[in-house]
Amino acid sequence: MSAPTNPITPAGYAAMKARYDHLLGKERPEIVEIVSWAAGNGDRSENGDYLYGRKRMREIDRELAYLARRMKAARVIEPGEQPDKNRAFFGATVTLADEDDNEKVVTLVGDDEQDAGIGRIGWSSPLARALKGAAVGDLRSVRLPGGHKEWEVIAIDYA
């Protein structure tokens with residue numbers, strides 16, 4: 001099964017939507033109110049509240065536009081509905097071991113929800129691309145900034 005170009009888990013989409021709603025419903029109206037108040041105070045060229053507020057509003061608008069584009073392009077995929085649970089595909093939690101038997105657990109998630117610090121790697125990352133379609137016992141070689149590294153797939157789980 002080939003995944004869409006911008007897959008995302010239901011939890012990842014919910015987090016993205018929550019951020020969008022927070023910016024649009026809470027932060028932006030607060031900044032608009034500050035800017036309106038500051039604009040009424042006269043000289044805008046030296047008014048810190050006005051200048052900062054305008055700058056922050058542009059940042060919020062940029063992030064809102066970015067999130068809207070990403071949510072429109074996103075295809076929500078439920079990892080538990082994967083038909084072939086014996087192979088590593090989107091949403092799989094994969095346990096790997098290197099040549100020195102050091103284990104590493106990674107979950108293959110959408111690029112918008114990746115966080116390598118907690119083992120959530122983006123679907124288009126080198127390691128995720130190498131793991132696509134792997135089964136338990138398969139060896140996968142990955143080119144990393146420090147050189148090639150070989151991993152053996154120890155376990156695959158779809159939570």
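Colleague: First one: does Val109 count as buried or exposed?

Modeller: Val109 counts as buried, at 1% relative accessibility. Buried means under 20% relative accessible area, exposed over 50%, partly exposed in between (1.4 Å probe, protein chains only). Bear in mind that this is a predicted model: local features need pLDDT of at least 70, side-chain atom pairs count only at pLDDT 80 or more, and totals for chains, interfaces and linings use all residues. Residues are numbered from 1 along each chain as its sequence is written, and side-chain values use heavy atoms, with hydrogens and water left out.

Colleague: Where is Val109, and what is it in contact with?

Modeller: Val109 is in strand 4. Helices (H or I, at least four residues) and strands (E, at least two) are DSSP runs, numbered from the N terminus. Leaving aside neighbours within four places in sequence, Val109 is in contact with Thr9, Phe90, Gln114, Arg120, Ile121, Gly122 and Trp123. Contact means heavy atoms within 4.5 Å. Gly91 is 18 residues away along the chain, with its C-alpha atom 5.5 Å from that of Val109.

Colleague: Phe90 and Trp123 are both on that list. What kind of aromatic pair do they form?

Modeller: An edge-to-face one, 5.6 Å centre to centre with 85° between the planes. The rule: rings of Phe, Tyr and Trp (its six-membered ring) pair if their centres lie within 6.5 Å; planes under 30 degrees apart count as stacked, over 60 as edge-to-face and the rest as tilted. A search of the whole structure finds 1 aromatic pair.

Colleague: Which parts does the pair tie together?

Modeller: Phe90 lies in the loop between strand 2 (75–76) and strand 3, and Trp123 in the loop between strand 5 (120–122) and helix 3, so the pair links parts 33 residues apart in sequence. Phe90 and Trp123 are buried.

Colleague: What sits over the ring of Trp123?

Modeller: The charged end of Lys132, 4.4 Å from the ring centre. To count, NZ of Lys or CZ of Arg must be within 6 Å of the ring centre and within 35 degrees of the ring normal.

Colleague: On to the largest nonpolar core. Which residues touch the most other members?

Modeller: Val94, Leu96, Val106, Leu108, Leu127, Leu131 and Val153, out of 21 residues. Strand 3 (93–97), strand 4 (103–109), helix 3 (126–131) and strand 7 (147–157) each give two or more residues to this core. Helix 3 gives the most, with 4 residues. A nonpolar core here is a set of buried Ala, Val, Leu, Ile, Met, Phe, Trp, Tyr and Cys residues joined through side-chain atoms within 4.5 Å.

Colleague: And what is Leu131 in contact with?

Modeller: Ala88, Val94, Leu96, Val106, Leu108, Arg140 and Val153, leaving aside neighbours within four places in sequence. There is also a second, separate core of 15 residues, including Met16, Ala38, Met57 and Met71.

Colleague: Now Arg56. Buried or exposed?

Modeller: Arg56 is buried, with a relative accessible area of 16%. Arg56 is found in helix 2 (residues 48–73). The Arg56 side chain makes a polar contact with the side chain of Glu27, at 2.5 Å. A polar contact is a pair of N or O atoms within 3.5 Å; within protein, one must be able to donate a hydrogen and the other to accept it, and residues adjacent in sequence count only if both atoms are side-chain atoms. Beyond four places in sequence, Arg56 is in contact with Leu23, Glu27 and Ile31.

Colleague: What does Val35 touch?

Modeller: Tyr50, Gly53, Arg54 and Met57, not counting residues up to four places away in sequence. Val35 is in helix 1 (residues 10–39) and is buried, with a relative accessible area of 8%.

Colleague: Switching topic. Where is Asp101, and what is its phi near?

Modeller: Asp101 lies in the loop between strand 3 and strand 4. Its phi is near 60°, a positive value in a residue other than glycine. Asp101 counts as exposed, at 65% relative accessibility.

Colleague: Last bit, the overall picture. How many helices and strands?

Modeller: The protein has 3 helices and 7 strands, in the pattern β-α-α-β-β-β-β-α-β-β. Its C-alpha atoms fill a box of roughly 70 × 35 × 20 Å, taken along the principal axes. Of the 159 residues, 37% count as buried.
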